[in-house]
Amino acid sequence: MGMSVTISAATGQDAEQIFRLQYLCFQSEAALYGNYRIDPLVQSLDSVREEVAEDCVFVARLGEEVVGSVRGHLGEDGAASIGKLCVHPRLQGHGIGARLLRAAEAALAGERGATRFRLHTGHRSESGLRLYRRVGYEAVGTSQGADGVPMIVLEKPAGTYAATA
């Protein structure tokens, strides 16, 4: 009998697994840009712990193993920034990323009053762009990450999160 992947709010005990998973998952992203100094690869464990304590962080679990995560926080303009969405490579393509995204959107809108959702993804990140467009995000601009990677900025109104479920 197989196990189901469950989505839940992260706890402080999840920080180390999130940290390791993030490092694994963003290797392919770094390879796309030939840049292994992207934020998810250089972020410290202490910084991940801070985000888990302060931000809206969800994990996907397969048994006791954290196999996916996403983070979000509410900005002063009412827009919730969502980032560092990752799913273990062996489980990608099964809808876990979309489920994590929906959980973060629901919490950010319902519990924190977000009016819009905003995220950034690398301009070569085709799988991420496909997911974000499929769940209602639209490109609204471009930016450059602190690591020099060209990014696409995507947004959607917070009222549409339920429609992506």
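Predicted model: local features only at pLDDT ≥ 70, side-chain atom pairs only at ≥ 80, totals over all residues.
1. Leaving out neighbours within four places in sequence, Leu 108 is in contact (heavy atoms within 4.5 Å) with Cys 56, Gly 72, His 73, Leu 74, Ala 80, Ile 82, Gly 113, Ala 114 and Phe 117. Leu 108 sits in helix α5; helices here are DSSP runs of H or I with at least four residues, strands are E runs of at least two, and both are numbered from the N terminus. Leu 108 counts as buried because its relative accessibility is 0%, where buried means under 20% relative accessible area, exposed over 50% and partly exposed in between (1.4 Å probe, protein chains only).

2. Numbering runs from 1 along each chain as its sequence is written, and side-chain values use heavy atoms, with hydrogens and water left out.

3. Now the packing. The largest nonpolar core holds 31 residues, and Phe 58, Ile 82, Leu 100, Leu 108, Phe 117, Tyr 132 and Tyr 137 have the most contacts inside it. By nonpolar core I mean a set of buried Ala, Val, Leu, Ile, Met, Phe, Trp, Tyr and Cys residues joined through side-chain atoms within 4.5 Å. Two or more residues come from each of β2 (56-62), β3 (65-74), β4 (79-87), α5 (96-110), β5 (116-122), α6 (126-134) and β7 (150-157). Helix α5 gives the largest share, nine residues. There is also a second, separate core of 18 residues, with Ala 15, Leu 21, Cys 25 and Met 151 among them.

4. Aromatics are quick to cover, as the count comes to one pair. Tyr 132 and Tyr 137 are edge-to-face, at 6.1 Å centre to centre and 70° between the planes. The rule takes rings of Phe, Tyr and Trp (its six-membered ring) with centres within 6.5 Å, and calls planes under 30 degrees apart stacked, over 60 edge-to-face and the rest tilted. Tyr 132 is buried at 9% relative accessibility, and Tyr 137 is buried at 2%.

5. Lys 84 is in strand β4 and is buried, with a relative accessible area of 17%. Its phi is near 55°, a positive value in a residue other than glycine. Most residues other than glycine have a negative phi. Thr 121 lies in strand β5 and counts as buried at 7%. Beyond four places in sequence, Thr 121 touches Leu 129, Tyr 132, Pro 150, Met 151, Ile 152 and Leu 154.

6. Is His 94 buried or exposed? His 94 counts as exposed because its relative accessibility is 61%, and its place is in the loop between β4 and α5.
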